[in-house]
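Welcome to this tour. Open your viewer, get ready to select residues by number, and follow along stop by stop.

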Amino acid sequence: MTSVLNHWLIAIAVLAGSFVVGLALDAACVALLRQGLGRGHRARLAIAKALRGQPEVWAVLIGEAVLQPFAFLSQNPQTWIGRTVVILATISVTLFLARLAGSLIRAYLSLDNVSAPSGSIFVNLARMVIWAIGLTFVLGALGVQIGPLVASLGVVGLAVSLGLQDTLANFFSGLQITLSRQIQPGEYIRLNTGEEGTVTDVTWRNTTIRSPGDDLLMVPNSVIARALITNFTAENEEHTTAIPFTVAYGSDLDRVRVIAVQVARDVRDSAPGAIRSFEPTCRFRAMGADGSISAVVTIRVERYQERLPVVSEVVERLHKALGEAEIKPGAAAAVASKPA
């Protein structure tokens, strides 16, 4: 009894010592990889992130395989311990490779000189492939015959695919969106259904959009693929916005044009986000049946999503300037023309 207890204590001590060694290696490797910002810094950070927590597992498994602290057990328990070691090693390596692939893909797609489409769908796809390969090795270690299993999964997969049509539609729509570079994270878009905001990510199921109100919109990829999309930042983030207003029949249109352009110039020269080099314009569009003449004054802003403060400033100043010039809005003419 004492001998068996000693064997168990030695086995526990070996595993504990291996874990401590792995813990020290983990801290040392991560600290070394995180040093400096030179060439290959992103790759080193990706490896450090993927390596976190794995040296402890590897050290314990290596300690068990080399020192064999459970050699005192009978053959059957040793066989199961050996299989467990192989399975844990496979899962640990698979986890490390999946993390590394995800981190490297994100680091590569974030480079300024890379024109490839971005989005976490590629990260998830790479992880799925790595995990599928890893689970295949795990099943092989358990003695499962892979060939018949793959054949049966083909039949089951056909049945499952019929029940997951929406999920598969979102997945392939997400691939189509990212590969065609229809939209990318960081771009400001508006859907034909009215939703608008900055794209933050494209996953295997949803496209995440952050609205101007800082709310997150989760739009299925299949909806994005079918929607009519206005992309305000794909080619150029600058945006020319047209601000509509009306004046009454009989107004001096030359004077209206001068006032509107001068107001837009003043806002352009003072408002944050307005393009200083842009020359504002004023155009008259139509004569309405309600006694109004519709017009627009244009001003250019650095980004579409920053237009509202500039537009608000133009509207406030233009309303005040037209009032001081005694130029009535279009509705006033319609009211004045009604018989008493």
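How exposed is C29, as a relative accessible area? C29 is partly exposed, at 31%; partly exposed lies between buried (under 20% relative accessible area) and exposed (over 50%), with a 1.4 Å probe and protein chains only.

Before moving on, note that this is a predicted model, where local features need pLDDT of at least 70 and side-chain atom pairs count only at pLDDT 80 or more, while totals for chains, interfaces and linings use all residues. Residues are numbered from 1 along each chain as its sequence is written, and side-chain values use heavy atoms, leaving out hydrogens and water.

**Stop 1: the whole chain.** Show everything as a cartoon. The chain has 11 helices and eight strands; these are DSSP runs numbered from the N terminus, with helices (H or I) of at least four residues and strands (E) of at least two. Of its 340 residues, 36% count as buried.

**Stop 2: cysteines.** Select C282 and compare it with C29. C282 is buried, with a relative accessible area of 2%, whereas C29 is partly exposed. A disulfide is a covalent bond between the sulfur atoms of two cysteines. Counting pairs of cysteine sulfur atoms within 2.5 Å, the model has zero disulfides.

Stop 3: Select helix α1, residues 2-33, and find F19 in it. F19 is partly exposed, with a relative accessible area of 41%. Next select helix α2, residues 41-51, whose buried residues are H41, A46, A48, A50 and L51. After α2 comes G53, with a positive phi near 85°.

Stop 4: Select β3, residues 206-210. Four of its five residues are buried, so β3 is largely enclosed by the rest of the structure. Strands pair here if DSSP finds at least two bridges between them. Look for I209 opposite L217. In the turn of the β3 and β4 hairpin, which has five residues between the strands, D214 has a positive phi of about 70°.

**Stop 5: strands β7 and β8.** Finish by selecting residues 281-287 (β7) and 292-301 (β8), antiparallel strands joined by six bridges. A286 has S294 as its bridge partner in β8. Four residues lie between these strands, and G291 in this hairpin takes a positive phi near 85°.
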